[in-house]
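Keep the model in view while reading.

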Amino acid sequence: VEVRDVIEGAKNVLTLKGRDIFARLKDHEREIALKLYEVREDSLRSLARRLKKQPSTVSVQVKRLTSLGYVQVVATRGRKTYYRLSRALEEYIKTL
């Protein structure tokens, strides 16, 4: 077995997992996922601005996605926390 075959297999598994996750998301959660994919990582306030939604609304939604493991905290800089998609969702959205 070649290393590249193992890597390719892992990406395929992640893509399938991401597809299953994406299918379970509500429309507003998909919107967040797609926007996070576009920008790689973002703070809540910036993400809310991009989505044209209230920061408090986006905060609740992102925190839910984070608790489910679909979004990850990648950094905290000062008072800002930055989020990004899980690897599985990234791999799936890449195929859209």
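Where does Arg40 lie? Arg40 sits in the loop between α2 (27–39) and β1. The model is a predicted one. The backbone at Arg40 has a phi near 75°, a positive value in a residue other than glycine. With 48% relative accessibility, Arg40 counts as partly exposed, because the exposed class begins over 50%.

**Overall layout**

The chain has 96 residues, and 36% of them count as buried. Its secondary structure comes to five helices and three strands. Along the sequence the order is α-α-β-α-α-β-β-α. The C-alpha trace spans about 50 × 30 × 20 Å along its principal axes. Among contacts with a separation of 6 or more, 51% join residues 24 or more positions apart.

One pair shows how sequence and space compare. Asp27 and Tyr92 are 65 residues apart in sequence, and their C-alpha atoms are 16 Å apart in space. Asp27 belongs to helix α2. At 61% relative accessibility, Asp27 counts as exposed.

**The sheet**

The three strands form an open sheet in the order β1-β3-β2, with antiparallel pairing. β1 (42–43) and β2 stand at the edges, each with a single partner strand, so one side of each is left without a neighbour in the sheet.

How many bridges join β1 to β3? Two bridges join them, and the strands run antiparallel. Asp42 has Tyr83 of β3 as its bridge partner.

Gln72 has Arg84 of β3 as its bridge partner. Thr76 stands opposite Thr81 in β3. The hairpin of β2 and β3 has two residues between the strands, and Gly78 there takes a positive phi near 65°.

**Positive phi values**

Lys52 joins them here. Lys52 is found in the loop between α3 and α4. Phi of Lys52 is positive too, in a residue other than glycine. At 76% relative accessibility, Lys52 counts as exposed.

| Residue | Phi |
|---|---|
| Arg40 | near 75° |
| Lys52 | near 60° |
| Gly78 | near 65° |

Is Glu90 buried or exposed? Glu90 counts as buried, because its relative accessibility is 9% and the buried class is under 20%. Glu90 lies in helix α5 (residues 87–93).

The side chain of Glu90 makes a polar contact with the side chain of Arg84, at 2.8 Å. Arg84 is also the β3 partner of Gln72. Leaving aside residues up to four places away in sequence, Glu90 touches Tyr37, Arg40, Arg84 and Leu85. Glu90 itself counts as buried at 9% relative accessibility, whereas Arg40 counts as partly exposed at 48%.

**The largest pocket**

The largest pocket has a volume of about 170 Å³. Its lining consists of Ser43, Leu44, Arg45, Pro55, Ser56, Ser59, Lys63, Arg79, Lys80 and Thr81. The elements that give two or more residues to this lining are α3 (44–51), α4 (55–67) and β3 (80–85).

Which element gives the largest share of the lining? That element is α4, with four residues. By type, the lining of the largest pocket divides into two nonpolar, four polar and four charged residues. Thr81 is one of the lining residues, and Thr81 is also the β3 residue that stands opposite Thr76.

**In brief**

From helix α5, the buried Glu90 makes its side-chain contact with Arg84.

Terms used. Residues are numbered from 1 along each chain as its sequence is written. This is a predicted model: local features need pLDDT of at least 70, side-chain atom pairs count only at pLDDT 80 or more; totals for chains, interfaces and linings use all residues. Side-chain values use heavy atoms; hydrogens and water are left out. On a 1 Å grid over the protein atoms alone, a cavity is a set of points where a 1.4 Å probe fits but cannot get out, and a pocket is an open set with protein on both sides within 12 Å along at least five of seven lines; lining residues have an atom within 4 Å of a point. Grid points are joined across faces, edges and corners, and a volume is the space filled by probe spheres set on the points. Ala, Val, Leu, Ile, Met, Phe, Trp, Tyr, Cys and Pro count as nonpolar, Asp, Glu, Lys and Arg as charged, and the others, Gly among them, as polar. Two strands pair if DSSP finds at least two bridges between them. Buried means under 20% relative accessible area, exposed over 50%, partly exposed in between (1.4 Å probe, protein chains only). A polar contact is a pair of N or O atoms within 3.5 Å; within protein, one must be able to donate a hydrogen and the other to accept it, and residues adjacent in sequence count only if both atoms are side-chain atoms. Contact means heavy atoms within 4.5 Å.
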